[in-house]
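Keep the structure open beside you and try each task before reading its solution.

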Amino acid sequence: MSHASRLDHFGPLTRDVARFGAEWRWEDIPETVRHEARRSLLNYFAVALAGATDPTLDIAARVFAPFSAGGQADIIGRGKRTDILHAASLNAMAANVFDFDDTHPATIIHPTAPVAPVVFALAQCRSITGAQLLHAFILGAEIECRMGKALTLGHYTRGWHITSTCGVFGAAIAAARLLGLDPCRTGWALASAGNQTGGLVETLGTMAKSIAVGNAARNGLLSALLAREGYTGPDQPLEGPRGVLQVLSDSPDPAQLNGELGQRWELGGNTYKPYPCGVVLNPVIEAVLALRGDPALGAVDLARVARVDLHGHPLLRQRTDRPGARTGRESQVSAQHAVAACLLHGRAGLAEFSDAAVADPRAHVLDTRLHFHDDPHYAIDAVEVRIALDDGRIFAHRVAAARGSASNPLADTDLERKLRELCAYGNTGCDPQAIIDGVWALERTADAGSLMAHAAGRPRGPEA
């Protein structure tokens with residue numbers, strides 16, 4: 001049976017997605033989407049270079065090292081090379097470890113972390129142009145985001161870590177495209193990807209979260225490599241009665257996956273964080289920093305804060321009501337810590353969400369004094385913060401659309417500044433300007449893998 005006739009046996013949803021991944025032309029991708037892809041990759045290098053030297057990566061790289069199958073691809077910021085599967089996994093972990101990566105607003109997926117490491121790993125062991133890399137990245141990230149919309153927000157609310165569960169499909173589509181797979185084999189890659197999806201919200205704030213993000217990249221790449229060799233799968237991995245959508249969602253919306261495919265681009269609305277924390281905390285931080293600018297509040301001892309009230313979307317409480325944060329990782333998803341850190345320091349960078357910041361006893365003064373007020377009418381990037389002092393004075397500030405949101409996006413220059421700052425934070429020895437120039441010129445680059453030389457960094461640790 002030919003691959004063409006075998007494709008006819010696929011379910012219509014799987015067939016549409018496979019054909020999109022295998023056949024959608026570069027010429028038919030709008031320039032606005034191409035530009036957003038370059039912005040996404042700029043942000044990817046920024047956050048990965050900051051996370052590359054985190055203890056989470058130290059441990060993972062040390063454990064992976066004895067199982068490395070070669071040195072085809074760089075581990076970002078660590079001055080070492082490993083096989084493409086391990087490189088994809090470790091670089092995905094680095095990009096997401098601080099929760100400082102990009103966000104697709106409709107799903108809260110971080111699209112780039114599971115997909116970019118795959119296309120760059122393949123670019124280091126195959127002849128791939130910058131345009132081909134961008135093309136594959138865009139197609140993969142688009143399917144990843146659409147998968148999230150098809151699973152609906154109930155998927156995330158139920159406890160699935162949506163970046164991990166959907167990222168594997170984006171990684172599979174991107175890898176399949178760069179490997180030149182036809183629609184049938186791309187469908188098989190989707191099938192194997194669906195069988196390897198996973199990740200739990202319960203792991204947020206811990207090192208364990210990074211395993212699933214790394215696996216999303218690795219397993220998506222592995223699925224495409226297997227499909228290239230003829231590794232088959234079911235005909236309806238996405239829409240079947242026991243397929244991904246039915247198993248992982250109580251109320252799936254399949255039309256979100258293939259409706260207006262190639263006409264409406266989810267990646268075009270990607271957003272980027274100004275602060276290293278869960279995206280729902282961005283408006284909280286912005287509001288508190290604005291309030292702290294008032295001399296009457298900025299000079300006040302935290303012990304005099306009697307109460308803090310947060311009025312926002314229910315997801316704010318569900319994801320960030322975490323008093324007593326014990327580690328920097330936990331503090332990234334703790335509203336109690338975020339408010340205290342902003343009031344204490346007047347800023348919200350990586351240092352304010354570190355283990356050292358959490359160890360400061362003053363950071364826990366508000367653990368029992370902060371109260372959430374759910375209001376589904378609030379957008380996820382909106383909030384009202386009210387701070388009451390022990391003398392009865394009240395300070396209030398409302399953010400309608402946080403900086404970095406879709407309606408108040410970071411500029412290209414903001415992303416360049418972010419890369420410079422995070423590159424310095426990671427202390428990897430990389431030249432941020434070379435990476436910035438390389439990303440903006442990627443579409444004109446004959447060897448896409450050459451960009452990784454600027455992000456390789458100095459050797460770190462005995463691993464790999």
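The exercises below concern a predicted model, and each one comes with a worked solution.

**Exercise 1. Helices H2 and H7**

Work out how helix H2 (residues 12-23) and helix H7 (residues 130-151) are oriented towards each other.

*Solution.* 
- Step 1: Recall what to look for: two packed helices are described by the angle between their axes and the distance between the axes.
- Step 2: Apply this to the pair. H2 and H7 pack at about 160°, and their axes are 9 Å apart.
- Step 3: Compare with the cut-off. Angles over 145 degrees count as roughly antiparallel, so H2 is roughly antiparallel to H7.
- Step 4: List the residues in contact. H2 supplies Val17, Phe20 and Gly21, while H7 supplies Leu139, Glu142 and Ile143.
- Step 5: Sort the residues of this contact between H2 and H7: four are nonpolar, one is polar and one is charged.

**Exercise 2. Helices H9 and H10**

Repeat the analysis for helix H9 (residues 162-178) and helix H10 (residues 183-194).

*Solution.* 
- Step 1: The axes of H9 and H10 come within 9 Å and cross at roughly 155°.
- Step 2: H9 and H10 are therefore roughly antiparallel to each other.
- Step 3: The crossing of H9 and H10 is right-handed.
- Step 4: On the H9 side, the contact has Val168, Phe169, Ala172, Ile173 and Ala176; on the H10 side, Thr186, Ala189, Leu190, Ala193 and Gly194.
- Step 5: Sorted by type, the residues where H9 meets H10 are eight nonpolar, two polar and no charged.

**Exercise 3. Helices H5 and H11**

Describe the crossing of helix H5 (residues 84-96) with helix H11 (residues 208-228).

*Solution.* 
- Step 1: The axes of H5 and H11 cross at roughly 145° and come within 8 Å.
- Step 2: H5 and H11 form a right-handed crossing.
- Step 3: Residues of H5 in the contact include Ile84, Leu85 and Ala88, and those of H11 include Val213, Leu221 and Leu225.
- Step 4: The residues of the contact of H5 with H11 comprise eleven nonpolar, five polar and two charged.

**Exercise 4. Positive phi**

Where do threonine 152 and asparagine 427 lie, and what is the phi of threonine 152 and of asparagine 427?

*Solution.* 
- Step 1: Threonine 152 is in the loop between H7 and helix H8 (153-157). Its phi is near 70°, a positive value in a residue other than glycine.
- Step 2: Asparagine 427 is in the loop between helix H20 (412-426) and helix H21 (432-440). Asparagine 427 is not a glycine either, yet has a positive phi of about 55°.

Notes. Residues are numbered from 1 along each chain as its sequence is written. This is a predicted model: local features need pLDDT of at least 70, side-chain atom pairs count only at pLDDT 80 or more; totals for chains, interfaces and linings use all residues. Side-chain values use heavy atoms; hydrogens and water are left out. Axes are lines fitted to C-alpha atoms, for helices over the stretch in contact, and angles run from 0 to 180 degrees between N-to-C directions. Helices (H or I, at least four residues) and strands (E, at least two) are DSSP runs, numbered from the N terminus. Angles under 35 degrees count as roughly parallel, over 145 as roughly antiparallel, 65 to 115 as roughly perpendicular and the rest as oblique. Contact means heavy atoms within 4.5 Å. Ala, Val, Leu, Ile, Met, Phe, Trp, Tyr, Cys and Pro count as nonpolar, Asp, Glu, Lys and Arg as charged, and the others, Gly among them, as polar. A crossing is left-handed if the near helix is turned anticlockwise from the far one by less than a right angle, and right-handed if clockwise.
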